[in-house]
Amino acid sequence: MGVPLVSIKDLRKSFGAFEALAGVSMDVTAGEVLCIIGASGSGKTTLLRCINQLVEFDSGAIFIDGELIGYRRVKDRLYPLTERDIARQRLKTGMVFQRFNLFPHMTALENLIEGPVQVLRRDRDEALREACELLARVGLRGKADSFPADLSGGQQQRVAIARALAMRPKLMLFDEPTSALDPELVGEVLAVMKELAQSGMTMIVVTHELGFAREVANRVVFMDHGLIVEAGPAAEILNSPREARTQAFLAAVLA
């Protein structure tokens, strides 16, 4: 099957006395959609932030595209990478947050081209063409000149997804991307994510949208107290979970 695009080995992270990740291990293959479910405080967001190097983990290892992230290995010793090297590694991943984190003083189009032009040093005209294509892809062809304050929450989140895609990542991370939206706006964001999954993008999605997970995910992981309690095909985990903790969580969510 080859080297996984993402490989996580015994990842641990504590915040003071609170153990957010208590030894998480998992692989994600290229083109796979993995949904992570679980109650608040179970470690889902911390895991994503470790993958994107926004949080420094305490021990364990993460490999993306075969490369150890955050460290370089010299013989049997690990040395932290420089901020410049971390920034280079982070380009492999795009992350979409609960809050949209758009630059408020920039239009939708300007939000999309800022990274490709300033960070990747791509040609501005090329970046503009691709940004327009991405806005059309997320259903916002006519909003290129709109500022975030003039967009609905769903529109802002779709711009955020397009902005992440503009950096041409190999992996997309979604941290409950619909949790800050009014219910009537959730569907438009999920539709963009479904199209993205169908295009073959590798995605790790933290979500409470079980319908989305059931329809789109190849696998579902249930986390509780910093551990992976159960993992497997989406239909198996969501329809007939084996573990009592998974059963109790799903019963509460679906009640």
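Modeller: Tyr71 counts as buried, with a relative accessibility of 19%. Buried means under 20% relative accessible area, exposed over 50%, and partly exposed in between, using a 1.4 Å probe and protein chains only. This is a predicted model: local features need pLDDT of at least 70, side-chain atom pairs count only at pLDDT 80 or more, and totals for chains, interfaces and linings use all residues. Residues are numbered from 1 along each chain as its sequence is written, and side-chain values use heavy atoms, with hydrogens and water left out.

Tyr71 sits in strand β6 (residues 71–74). Strands (E, at least two residues) and helices (H or I, at least four) are DSSP runs, numbered from the N terminus. Leaving aside residues up to four places away in sequence, Tyr71 touches Glu56, Phe57, Leu78, Tyr79, Pro80 and Leu81. Contact here means heavy atoms within 4.5 Å.

Now the charged pairs. A salt bridge is a side-chain nitrogen of Lys or Arg within 4 Å of a carboxyl oxygen of Asp or Glu. That rule gives 17 salt bridges. One of them joins Lys170 and Asp65, with closest N and O atoms 2.4 Å apart. Lys170 lies in the loop between α5 (153–165) and β9 (171–175), Asp65 in the loop between β4 (59–64) and β5 (67–68), 105 residues apart. Lys170 is partly exposed at 43%. Asp65 is partly exposed too, at 36%. Elsewhere, salt bridges link Arg122, Glu126, Glu130 and Arg168 in a network.
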